[in-house]
Amino acid sequence: MSFTPEQVAAAQKANLETLFGLTTKAFEGVEKLVELNLQVVKTTLAENVDHAKRVLSAKDAQEVMALQVSLIQPAAEKAVAYSRHIYEIAADTQSEFTRVAEAQLSESTKNVQSMVENMAKNAPAGSESTVAIVKSAITAANNAYESVQKATKQAVEIAETNFQAAATAATSAAQQASAQASRSTRKAAPAV
């Protein structure tokens with residue numbers, strides 16, 4: 001099977017468009033990460049300034065301790081939210097790359113099958129078994145790819161579920177630690 005210059009040019013153009021599309025998607029992901037990090041830094045700085053002002057205006061050590069304890073749960077929740085945002089950005093970028101790869105593979109598979117069909121039509125007499133073996137190998141490769149793809153999707157779903165469970169557990173642990181620290185602070189307060 002030979003290719004015409006027009007077919008080669010069209011394939012190169014399509015590959016270049018795919019490359020530019022993926023590069024754009026990658027930069028969008030980086031841009032989202034930079035925006036997220038800038039927002040986190042701005043918010044954290046403002047919250048730290050506010051907290052420092054409250055600590056400096058505290059009347060006693062007990063109030064300082066209570067202010068410190070009040071930060072435990074919100075800090076954990078913010079860390080979980082930050083991780084979730086990063087995960088979402090990465091997952092969105094990765095899904096676009098996966099979509100493009102699947103489309104490319106599908107197109108390549110069609111081209112290979114078409115090439116094998118052309119070869120089968122033009123094959124000399126007696127080569128039917130060889131053509132059948134090649135077709136069988138292509139079908140087996142496609143089936144193996146589909147199995148790997150399904151297993152990968154299941155692994156991603158399991159990872160997402162585990163991430164959600166870990167985030168929930170971290171938030172719960174932070175709430176419990178905050179409540180425990182708050183109770184300890186109250187118990188340590190001198191009776192007036």
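**Note on the predicted model**

1. Over the protein, the average pLDDT is 83, and 92% of the residues score at least 70.

2. Because this is a predicted model, local features need pLDDT of at least 70 and side-chain atom pairs count only at pLDDT 80 or more, while totals for chains, interfaces and linings use all residues. Residues are numbered from 1 along each chain as its sequence is written, and side-chain values use heavy atoms, with hydrogens and water left out.

3. Helix H3 has 51 residues and reaches 74 Å from its first C-alpha to its last, close to the expected 75 Å, the expected span being 1.5 Å times one less than the number of residues. Its buried residues (under 20% relative accessible area, 1.4 Å probe, protein chains only) are Ala76, Val80, Ile89, Thr93, Val100, Thr109 and Val116.

4. The unreviewed UniProt entry places the feature "domain: Phasin" at residues 6-104, with positions given in the numbering used here, the feature name shortened, and annotations that may be inferred rather than shown by experiment. The end C-alpha atoms of residues 6-104 lie 19 Å apart, and the span is 94% helix and 0% strand, strands being DSSP runs (E) of at least two residues.

Technical notes
pLDDT is the predictor's confidence in each residue, from 0 to 100. Helices (H or I, at least four residues) and strands (E, at least two) are DSSP runs, numbered from the N terminus. Buried means under 20% relative accessible area, exposed over 50%, partly exposed in between (1.4 Å probe, protein chains only).
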